[in-house]
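Visitor: I'd like to learn how to read a protein model. Please show me one and take me through it slowly.

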Amino acid sequence: MSVSRPGALRRALVLLAAWSALTVVAVSSAPPASAASSSVASPRAHRAYVVTISDPRVSGDVSAATATRVTRSAANYWTSESRGAITAFPVKSTRTMRISGSCGLTATQLWSRAAKRFPGVDFSKKANHLVVYSPTGCRYGYSGLANAGTLHSGGKVHMVYPRMNLVAHELGHNLGLMHSNLRTGKGSSTRTSEYYGLYGPMGIGMGTGYAPGALGAAQRAYLGLPGEARATVSLDTSKAQTRTVTLSPTHTRGGTRAVRITDKRTKISYYLEYRNARGTDAGAYYASGLFGPLTVQYRSVVYRSGLLATQAKRRGGVEVLSTGRSGRWHTTHRTGQTFSSSGVPFTATVVSQTATTMKVRISVKRSV
Ligand SMILES: [Zn+2]
């Protein structure tokens with residue numbers, strides 16, 4: 001991993017939050033930028049330590065059983081999505097703190113008190129995760145908060161809502177990932193909407209019943225997850241070229257799951273993947289098919305299965321790229337449709353698709 005080493009740098013407290021309706025991100029100082037890893041992460045077991053709060057002055061105490069179940073579910077998600085890098089992620093212990101007026105305490109204060117329940121456990125660099133659940137009656141202005149970590153650093157999470165997709169999102173920050181954003185528009189009207197790359201755990205937690213969806217190709221590459229290099233077709237812009245690639249769905253474990261196109265001039269990497277609304281993606285918001293376009297900052301955005309194009313961003317972030325058609329911004333593309341986006345040095349046309357494979361023709365422009 002080429003990501004930051006928490007022990008070697010001032011372990012900046014980067015506060016990150018996901019909120020159902022509004023978004024809050026406070027970055028007090030940031031770790032150094034790092035490029036996608038070229039090495040493969042070594043496997044390691046993680047552990048979660050869960051703390052709930054019993055507070056007689058506010059409603060909505062989260063029970064130890066609920067907190068344990070939701071944490072276990074989110075941890076299992078990461079065991080699966082890390083594709084072998086996290087070998088196990090059990091909930092080691094659950095404790096309850098009795099605090100009257102707990103809503104007045106900051107996350108840092110709660111973490112400090114909670115950590116004392118587990119003497120000798122290091123939550124800063126040993127793949128140990130401390131997850132504190134405040135009563136749902138507290139108002140913190142966020143639904144969850146985490147440290148920015150690295151894959152095996154561990155870290156601390158503060159939850160205000162005990163929802164699996166929100167806990168998975170915050171644990172994703174502990175693992176070193178930033179948000180999944182959305183790009184719409186062309187040229188000077190290009191806009192990035194934070195959290196609205198709704199194809200994985202690092203977007204906004206939509207609704208109450210949705211699963212996070214599979215971790216996407218750009219973030220798998222950033223973390224250096226096992227098997228990614230073998231499952232990725234890599235192209236670059238050193239010469240103009242056209243390639244046809246048959247993709248397996250991004251959540252699967254075999255075949256070609258991603259195409260990476262690296263712009264030799266800008267050093268930016270782009271990824272193509274096939275989201276087929278099955279497997280790990282079956283419970284994701286985009287797979288529900290229940291909704292029409294979503295209005296994101298006054299733009300009409302379509303989320304559904306198809307070919308997804310993303311751009312790797314700094315510090316493990318990702319941006320979903322969309323194509324404008326008929327007054328809407330389409331985040332995915334189907335048979336006969338072409339992905340193109342201003343400033344992006346390739347186009348990708350879906351030649352054909354079945355429920356489980358997609359043939360894509362990629363035309364790369366020279367850019368050196
Ligand atoms: Zn977040």
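**Reading the model**

Guide: Let's start with helix α3, whose buried residues are Met-164, Asn-165, Leu-166, Val-167, Ala-168, His-169, Glu-170, Leu-171, Gly-172, His-173 and Asn-174. Keep in mind that this is a predicted model, where local features need pLDDT of at least 70, side-chain atom pairs count only at pLDDT 80 or more, and totals for chains, interfaces and linings use all residues. Residue numbers start from 1 along each chain as its sequence is written.

Visitor: What do "buried" and "helix" stand for here?

Guide: Buried means that 20 or more other C-beta atoms lie within 10 Å of the residue's own; exposed means 12 or fewer, partly exposed is in between, and the C-beta atoms are placed from the backbone. Helices (H or I, at least four residues) and strands (E, at least two) are DSSP runs, numbered from the N terminus. For α3, residues 164-174, the count is eleven buried out of eleven, so the helix is mostly covered.

Visitor: Why does Val-167 count as buried?

Guide: Val-167, which belongs to α3, counts as buried because it has 32 C-beta neighbours inside 10 Å.

Visitor: Which residues is Val-167 in contact with, leaving aside its neighbours within four places in sequence?

Guide: A contact means that two C-beta atoms, placed from the backbone, lie within 7 Å. On that basis Val-167 meets Val-70, Thr-71, Ala-74, Val-131, Gly-144 and Met-159, with neighbours up to four places along the sequence left out. Distance in space is another thing to read: 45 residues of sequence separate Val-167 from Pro-212, and their C-alpha atoms are 9.9 Å apart.

Visitor: Now a strand, please. Where is Leu-130 placed, and why does it count as buried?

Guide: Leu-130 sits in strand β5, residues 128-133. Leu-130 is classed as buried because 25 C-beta neighbours fall inside 10 Å. Its contacts, setting aside residues up to four places away in sequence, are Tyr-49, Trp-111, Ala-114, Ala-115, Phe-123, Lys-156 and Val-157. Take Trp-111 from that list: it is 19 residues from Leu-130 in sequence, and 7.6 Å away from C-alpha to C-alpha.

Visitor: How many residues of strand β12 are buried, and which way do they point?

Guide: β12 covers residues 258-262, and five of its five residues are buried. Ala-258, Arg-260 and Thr-262 point one way, while Val-259 and Ile-261 point the other way.

Visitor: Which strands does β12 pair with?

Guide: Pairing means that DSSP finds at least two bridges between two strands. β12 runs parallel to β10 (residues 232-236), with five bridges joining them, and Thr-232 is opposite Ala-258. With β13 (residues 269-275), β12 runs antiparallel through four bridges; there, Ile-261 has Tyr-270 as its bridge partner.

Visitor: In what order do the four strands of the open sheet come?

Guide: The order is β11-β23-β22-β21, and the pairing is antiparallel. β11 (241-247) and β21 (338-339) are the edge strands, each pairing on one side only. Inside this sheet, β22 (residues 346-353) and β23 (residues 358-364) share seven bridges, and Ser-352 faces Lys-359 of β23.
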